[in-house]
Amino acid sequence: MMEEDKEKAVEVETEEVEKVIQEVDELPKAIVRRVVKDKLSDCSADGDLNVHKDALLAFSESARIFIHYLSATANDICKESRRQTIKAEDVLQALEEIEFPDLVGPLKTSLTEFKRRNSVKKAGASESKEVEKKKKVEQGTPKKKTVEEESPKKRKLEEGTPKKSGGKSKQKKKE
């Protein structure tokens, strides 16, 4: 009897672990839904398409498997080149190797566009920083006052107040 309980506990624990692992591997459902609906609305004249929950799950699982397969192939290519970091070229080569050469052209175009947009964003960010610096210079940022520029009262107060010593050695000398 006790042996059966142990087996059931192990089985339940194994199922829970597998469920957690599956949830981690799943693609975000909202993103999958948005991608599928966007693509289907481009292909269809009917604007409002509904996609069944099972179909979304099938799309998500298919995409997950494809990503795993593609990343494993790109990783093999990377290791053959004696590198540890997968580059875009590795992914492009992996697409050809797993017999999806039709995806290489559109992916190259997307990568080029992505790099162009990022370079424009970076250039815009650095230009805005330069504009801010120029504005500060034009407005005249306040500089720190020198000792001579400080008010005479403050200078007298600082000069007239003796510095406090926390050490006992000076107190012993006075006694």
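This is a predicted model: local features need pLDDT of at least 70, side-chain atom pairs count only at pLDDT 80 or more; totals for chains, interfaces and linings use all residues.
Residues are numbered from 1 along each chain as its sequence is written. Local features need pLDDT of at least 70, side-chain atom pairs count only at pLDDT 80 or more, totals for chains, interfaces and linings use all residues, and side-chain values use heavy atoms, with hydrogens and water left out.

The chain has an average pLDDT (the predictor's confidence in each residue, from 0 to 100) of 78, and 66% of the residues score at least 70. Helices here are DSSP runs of H or I with at least four residues, numbered from the N terminus.

| Helix | Residues | Mean pLDDT |
|---|---|---|
| Helix 7 (lowest) | 168-174 | 52 |
| Helix 4 (highest) | 88-97 | 96 |

Helix 4 packs against helix 3 (residues 53-80) at an angle of about 115°, and the axes are 8 Å apart. Axes are lines fitted to C-alpha atoms over the stretch in contact, and angles run from 0 to 180 degrees between N-to-C directions. The two helices are therefore roughly perpendicular (65 to 115 degrees). On the helix 3 side, the contact (heavy atoms within 4.5 Å) is made by F66, L70, T73, A74, I77 and C78, and on the helix 4 side by D90, V91, Q93, A94, L95 and E97.

F66 also takes part in an aromatic pair (ring centres within 6.5 Å) with F100: the centres are 5.2 Å apart and the planes stand at 80°, so the pair is edge-to-face (over 60 degrees). F100 lies in the loop between helix 4 and helix 5 (104-139), so the pair ties together parts 34 residues apart in sequence.

Terms used: Angles under 35 degrees count as roughly parallel, over 145 as roughly antiparallel, 65 to 115 as roughly perpendicular and the rest as oblique. Rings of Phe, Tyr and Trp (its six-membered ring) pair if their centres lie within 6.5 Å; planes under 30 degrees apart count as stacked, over 60 as edge-to-face and the rest as tilted.
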